[in-house]
Amino acid sequence: MLLYTRRAQRIAWAVFAFFFLLLFALPFGVLVLAAFTKQWNGAFPSSYTFSNVTAAFHTDPLDGLETSLITALLSSLIALVLGTWAALALDAVRNRVGKTLIQTVFMLPIAVPSVVVGLALLVAFSQGPVLLNGTNTIVVMAHSILVTAYAFQQVSAAVTRLDPAYEQAAASLGARPYYTLLRVKLPLLLPALTGSLALCFALSMGELGATAMVYSANWTTLPLRIYALDDRGHQFVAAAVTAVMMTITLAVLLVVSRIRTRANYR
Amino acid sequence: MTTVTELPPPTPPAPAMPSSRPAAPANKARRSLAWLWSTPPILLLGAAFLYPLYLVVKQAIEGSPPDPTNPFKVTTSFMDTLKDPGTRTVIKNTIQMAVYSTVGCLVLGFVLALIIAFVPFPGARAVSRFIDVFLSFPSFLVTVSIMFLYGRVGMVNHIASALTGGRHDTPINFIEYSPWGIWLAELIYFTPFVMRPLLTAFSQIDTGQLEVAASLGARAGRVIWQVILPEALPAVFAGGSLVLMLTMNEYGIVSFTGAKYQTLPVLIENFAKEQTNYAGACALAVINIVLSLALFAGYRVLLARMSGGRRAAVHA
């Protein structure tokens, strides 16, 4: 409690409501409004239509949706495996140098600008023995690198919170390390695993910087399609595609948070 | 198996085993394996990311030699790129925009987090949930949204021109043609990144302290300045350095405004994709990496301090 008079509290709430509505709620509202707009010549749209949203599900952007979903699914799964593996390795390695090495390597993609991640892949795989420039592999690769850092961060935070008594009990009962890992540690980590999978999926769905560097015409993700639509003056369709993308991301987050609460009760 | 056991143990006892257990030969093997098992993810990320990153630095330093097979390829060296006045303006823009956005986010984030934490209202929990969801949305979404609001043909302009009787065509004209549109979008998108560490820090503050201060006659302003702010300072710095880094690396928001005001990531993309000036792009990338790595290191140190020496930070 900071403010003790009713008046002061009301002023504080009014300040909060003002900024929250103006900066966070209003832009979202307008985006959704624009998604259903046919013509907008005055303060408010003069006529509404559903065709932007259906256009978002037709041929051109739909390919983007498919591409985005496949890319996000693949890269978040890769990130989950790699990130979890690295997080468990961080926990298992006991010497300082090894710990610092793992931490630095796996946090680096967060610190490096996403455009630079794309540039690095472009420079490395446009020449030399492995040629990936213009393939869909390089897009998935860029996304995987970027989201692995977040998976690692989330899972390793959960690993440090893990009570060592469980795995010590399992080990004292004669369980081998892989058995302890599969039957004790991973089930205990399940909420963190699903949580980081959802985060990685969401981040990959919205990734733009690295994708802009490495994409090819036959593997163009949704954010790039939205950029192209916006650039060509199809603002309302761009808004509709953005809204569809947001809805899908939200749905995935919601579904995964359900799984998470169920796992918590086990 | 025998070759593995003969390796010198590179690590002290693995954590999976209780320390009281006697070191049997089987244990020794397991210890070496534990070390081996941790290498594949590092090797994989090393090949897919660290090696490409090394190539970027290498090409930035070496520059690009003239290529007879590709006459359109621009040849540059690191110094050429740095000396170019256009590049310098972009570097200045990048730092300027990052600093302005961060200051804005810190002020707004501090005020909003303060109200959520200390002047609680029904629905405050829902708001902080909303913030968590917001953090997983793409940044360009904000630019797309505010275009409809404050853009050249946006809602606010229509209302304003209706109010002024249509004398001015576009009374508000900052999204497409000035840096303020980028600033506003970054303020909206990155403020939640400041609020999250702040809310954590605020939840750790003993409310008894605030009540004692208030009962001794301190007004709200003084309680914030002398009690809450010192306690939350590590979180402020942690959030600030994170946002400074993220805004410096931001691509989506800037490119969606049409990129009339360029920052480093946008120029890197432009160099590589439109001008096929890879050496120049690499040189800019190195500058961008150095800037953001320094900030990220600062963020990690402050975050560690926030969880470890909270008291020490107060008395420093």
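**Packing, helix geometry and chain contact in a predicted two-chain model**

A:Ala210 touches A:Ser114, A:Val115, A:Val117, A:Gly118, A:Ala142 and A:Leu146, when residues up to four places away in sequence are not counted. The model in which these contacts occur is a predicted one, and the values reported below were computed from it. A:Ala210 has its place in helix 9 of chain A, which covers residues 209–214. A:Ala210 counts as buried because it has 29 C-beta neighbours inside 10 Å, where 20 or more are required.

In chain A as a whole, the secondary structure comprises 11 helices and two strands, and the elements follow the order α-β-β-α-α-α-α-α-α-α-α-α-α along the sequence. The C-alpha atoms of chain A fill a box of roughly 75 × 70 × 30 Å when taken along the principal axes. Of the 266 residues in chain A, 45% are buried, and of the contacts in this chain with a separation of 6 or more, 73% are accounted for by residues 24 or more positions apart.

Chain A is divided into domain 1, residues 6–48, and domain 2, residues 55–265. The centres of domain 1 and domain 2 of chain A, taken over C-alpha atoms, are separated by 32 Å, and the contact between them takes five residues from domain 1 and six residues from domain 2. On the side of domain 1 of chain A that touches domain 2, the largest share, four residues, is supplied by helix 1 of chain A. The residues on this side of domain 1 of chain A divide into four nonpolar, one polar and no charged.

A straight helix of 29 residues would span 42 Å at 1.5 Å a residue, whereas helix 8 of chain A spans only 36 Å between its end C-alpha atoms. A bend of about 55° is found in helix 8 of chain A at A:Leu190, and a proline, A:Pro191, follows within four residues.

Chain B contains 15 helices and zero strands. Buried residues make up 42% of its 316 residues, and among contacts in chain B between residues at least 6 apart in sequence, 71% join residues at least 24 apart. Helix 3 of chain B, residues 39–62, has a kink of about 45° centred on B:Gly46. The buried residues of helix 3 of chain B are B:Pro41, B:Leu45, B:Phe49, B:Pro52, B:Leu53, B:Leu55, B:Val56, B:Gln59 and B:Ala60. Helix 3 of chain B is followed by B:Gly63, for which phi is positive, near 75°.

The contact between the two chains takes 73 residues from chain A and 73 residues from chain B. Helix 1 of chain A, residues 6–35, provides 14 residues, the largest share of the side of chain A that touches chain B. The residues on that side of chain A divide into 56 nonpolar, 13 polar and four charged.

Conventions: Residues are numbered from 1 along each chain as its sequence is written. Chains are lettered from A and ligands numbered from 1 in the order in which they are written. This is a predicted model: local features need pLDDT of at least 70, side-chain atom pairs count only at pLDDT 80 or more; totals for chains, interfaces and linings use all residues. Two residues are in contact if their C-beta atoms, placed from the backbone, lie within 7 Å. Ala, Val, Leu, Ile, Met, Phe, Trp, Tyr, Cys and Pro count as nonpolar, Asp, Glu, Lys and Arg as charged, and the others, Gly among them, as polar. A residue is buried if 20 or more other C-beta atoms lie within 10 Å of its own, exposed if 12 or fewer, and partly exposed in between; C-beta atoms are placed from the backbone. The bend at a residue is the angle between axes fitted to the seven residues ending there and the seven starting there. The expected span of a helix is 1.5 Å times one less than its number of residues. Domain bounds come from an automatic or database domain assignment.
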